[in-house]
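This briefing describes a predicted protein model, grouped by topic. Please consult the sequence and structure shown here alongside the text.

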Amino acid sequence: MIKNLLFTSLISLIVVSCGNDNDVDIKEFDVSVSTEDLEDGRASIDPAINGGRFDLIWKVDDNGAFGYTARFFLSVNSNLDESNDIQFGFANCDAFGSCDHDTRNDEECFFSNDLVMYCGDEDDDTRFDIDEIVDSLPMDAYIIIEACTTFDCDTEAHPVRLL
């Protein structure tokens, strides 16, 4: 009897988990800087202005999942290609993570003169060399967010100009 009850509970849990809509949807993604966006909508990221600071602002609908992860990449185009793009930021957005999966989030990031990008506190965070994809400055590029639950991922790109 107990075995049947446990087995039935396990099957019910699997059916409910598989039946849920675990699609993740990026509802908002913006790159905010202290100056106005350029005429073509690109955010101008300049290490000489405000210490190279730019803010990543996003809102994700994880459709009832237990949270998601958000990764941030610098890319030469608007399509994510993990073999060529450079990941420079990460956020765990669940009940115990660094951001909240139910609200709008933002992260302070920085771009330095020595072609390094990082997010968070200057003393604590890993810095990522982006010189592999930066041929010369100024350079038009994209910052891409990838938000993933266990079963689904979504990406969105924002155009930037590195100065």
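In this predicted model, Leu 56 touches Phe 29, Asp 30, Val 31, Phe 72, Phe 88, Asn 105, Asp 106, Glu 107, Cys 109, Cys 119 and Ile 143, leaving aside residues up to four places away in sequence. Several of these contact partners return below, in the sheet, the disulfides and the aromatic pairs.

- Leu 56 belongs to strand β3, and its relative accessibility of 0% makes it count as buried.
- Between Leu 56 and Gly 89, which are 33 residues apart along the chain, the C-alpha separation is 9.9 Å.
- Asn 105, one of the residues that Leu 56 touches, is found in strand β6.
- Asn 105 is buried as well, since its relative accessible area is 6%.
- Not counting residues up to four places away in sequence, Asn 105 touches Leu 56, Ile 57, Trp 58, Tyr 68, Cys 99 and Asp 100.

**The five-stranded sheet**

- Five strands form an open sheet in the order β1-β3-β6-β7-β8, and their pairing is antiparallel.
- Two bridges connect β8 with strand β7 (residues 116-119), in the antiparallel sense.
- Val 116 has Asp 129 of β8 as its bridge partner.
- In general, strands of a sheet pair through backbone hydrogen bonds, in either a parallel or an antiparallel manner.

**Disulfides**

- The structure contains two disulfides.
- The link of Cys 109 and Cys 119 is right-handed, with 95 degrees about the S-S bond.
- Cys 109 lies in strand β6 (residues 105-112) and Cys 119 in strand β7, so this pair ties together parts that are 10 residues apart in sequence.
- Cys 109 is buried at a relative accessible area of 0%, and Cys 119 counts as buried at 8% relative accessibility.
- Both Cys 109 and Cys 119 are among the residues that Leu 56 touches.
- Another disulfide joins Cys 148 to Cys 153, with an S to S distance of 2.0 Å.
- The link of Cys 148 and Cys 153 is right-handed, with 115 degrees about the S-S bond.
- Cys 148 is buried, with a relative accessible area of 13%, whereas Cys 153 counts as partly exposed at 41% relative accessibility.

**Aromatic pairs**

- With ring centres required to lie within 6.5 Å, the count comes to four aromatic pairs.
- In the pair of Phe 54 and Phe 88, the ring centres are 6.1 Å apart and the planes stand at 65 degrees, so the pair is edge-to-face.
- Phe 54 lies in strand β3 (residues 53-61) and Phe 88 in strand β5 (residues 86-94), so the pair ties together parts that are 34 residues apart in sequence.
- Phe 54 and Phe 88 are both buried.
- Phe 110 and Tyr 118 form a stacked aromatic pair, at 5.3 Å centre to centre and with 25 degrees between the planes.
- Phe 110 and Tyr 118 are likewise buried.
- Phe 29, Trp 58 and Phe 72 are linked into a cluster by ring pairs.
- Phe 29 and Phe 72 are also among the residues that Leu 56 touches, while Trp 58 is one of the residues that Asn 105 touches.

**Charges over rings**

- The charged end of Arg 127 sits over the ring of Tyr 118, at 4.4 Å from its centre.
- Tyr 118 also takes part in the stacked pair with Phe 110.
- Arg 42 lies over the face of Tyr 142, 5.1 Å from the ring centre.

**Confidence of the model**

- The protein has a mean pLDDT of 82, and 80% of its residues reach 70 or more.
- Over residues 3-20 the pLDDT stays under 50, and for this segment the model has one contact beyond four places in sequence.
- Where pLDDT is low, predicted coordinates should not be read in detail.

Notes
Residues numbered from 1 in each chain as written. Predicted model: local features only at pLDDT ≥ 70, side-chain atom pairs only at ≥ 80, totals over all residues. Heavy atoms only, no water. Phe/Tyr/Trp six-rings, centres within 6.5 Å; stacked < 30°, edge-to-face > 60°. Helix = DSSP H or I, 4+ residues; strand = E, 2+ residues; numbered from the N terminus. Buried < 20%, exposed > 50% of the residue type's maximum accessible area, 1.4 Å probe, protein only. Lys NZ or Arg CZ within 6 Å of the ring centre and 35° of its normal. pLDDT = per-residue confidence, 0-100. Contact = heavy atoms within 4.5 Å. Pairing = 2+ DSSP bridges. Disulfide = S-S within 2.5 Å.
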